[in-house]
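Subject: Structure handover

Hello,

Here is the structure we spoke about. Please load it first, then read the notes below.

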Amino acid sequence: MSQGTDQVFVHPTADVEEGARIGDGTKVWHLAHVRSTARIGGGCVIGRNVYVDSNVVIGDLCKVQNNVSVYQGVTLEDEVFVGPCAVFTNDFRPRAQNPDWEITPTVVRRGASIGANATLVCGIEVGSYAMIAAGSVVTRDVAPYQLVAGNPARPKGWVNEKGEVVSRDPANPPAGV
């Protein structure tokens, strides 16, 4: 594990593989597993039982709550919140044996929030400061500042950078959003 000058906290039960890069001030909690080629920025909180796969990139000041698996192909930009038990996929056609398997990337842009138990199907982009409601199944891109909910997730309105709902009209974002 490489780190900067400030202390990185890794709980004794966590497994951070040699070569993982973790930024200053990040905390990795109980039973988390960070693979050797993962990169986690500074000031992050990686909760209990979180799995951060090979080549995952997590930006600065992110919070990944308990029981989340961030699989290869997922990028979380700065200040992203991932609620407990959220799920990312990285394969459109999963099979136990597939020699032609290809990772399908997913990007979550700066400041976006993903609610507890949400599922994000691979190949999507979640825009900056977007809000995904708890339990949603996201199968399509989410626009910046957009609020989505349901299965499948559908637009329900718009939020500001604080996460406050500023419009319930999904078709018309307010000025400045």
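A salt bridge here is a side-chain nitrogen of Lys or Arg within 4 Å of a carboxyl oxygen of Asp or Glu. Side chains of opposite charge can pair when their charged atoms come close. By that cut-off, the structure holds six salt bridges. Keep in mind that this is a predicted model.

**Salt bridges**

Start with Arg35 and Glu17. They form a salt bridge, with the closest N and O atoms 3.0 Å apart. Arg35 sits in the loop between β5 (33–34) and β6 (39–40). Glu17 sits in the loop between β2 (15–16) and β3 (21–22). The pair therefore ties together parts that are 18 residues apart in sequence. Arg35 has 25% relative accessibility, so it counts as partly exposed.

Next, Arg110 and Asp78. Their side chains meet in a salt bridge at 3.5 Å, N to O. Arg110 is in the loop between β15 (106–108) and β16 (113–114), and Asp78 is in the loop between β12 (74–76) and β13 (81–82), so this pair ties together parts 32 residues apart in sequence. Both residues are partly exposed: Arg110 has 33% relative accessibility, and Asp78 has 26%.

Then Arg109 and Glu125. This salt bridge comes in at 3.2 Å, N to O. Arg109 lies in the loop between β15 and β16. Glu125 lies in strand β18 (residues 125–126), so the two tie together parts 16 residues apart in sequence. Arg109 is partly exposed at 26% relative accessibility. Glu125 is partly exposed too, with a relative accessible area of 35%.

Which residues do salt bridges with shared partners join into one network? They are Glu17, Arg35 and Asp53.

**Aromatic pairs**

There are three aromatic pairs in the structure. Two are described here.

One is Phe9 with Trp29. The ring centres are 4.8 Å apart and the planes lie at 50°. Planes under 30 degrees apart count as stacked and over 60 as edge-to-face, so this pair is tilted. Phe9 is in strand β1 (residues 9–10), and Trp29 is in the loop between β4 (27–28) and β5. The pair therefore ties together parts that are 20 residues apart in sequence. Phe9 is partly exposed at 29% relative accessibility. Trp29 is partly exposed as well, with a relative accessible area of 29%.

Another is Tyr129 with Tyr145. Here the ring centres are 5.6 Å apart and the planes are at 20°, so the pair is stacked. This pair links distant parts of the chain. Tyr129 is in the loop between β18 and β19 (131–132). Tyr145 is in the loop between β20 (137–138) and β21 (146–149), and the two are 16 residues apart.

Are these two tyrosines buried or exposed? Tyr129 has 14% relative accessibility, so it counts as buried. Tyr145 is buried, with a relative accessible area of 17%. The cut-off for buried is under 20%.

**Cysteines**

Cys85 counts as partly exposed, at 30% relative accessibility. Cys122, by contrast, is buried at 2%.

Best wishes

Definitions and conventions:
Residues are numbered from 1 along each chain as its sequence is written. This is a predicted model: local features need pLDDT of at least 70, side-chain atom pairs count only at pLDDT 80 or more; totals for chains, interfaces and linings use all residues. Side-chain values use heavy atoms; hydrogens and water are left out. Buried means under 20% relative accessible area, exposed over 50%, partly exposed in between (1.4 Å probe, protein chains only). Helices (H or I, at least four residues) and strands (E, at least two) are DSSP runs, numbered from the N terminus. Rings of Phe, Tyr and Trp (its six-membered ring) pair if their centres lie within 6.5 Å; planes under 30 degrees apart count as stacked, over 60 as edge-to-face and the rest as tilted.
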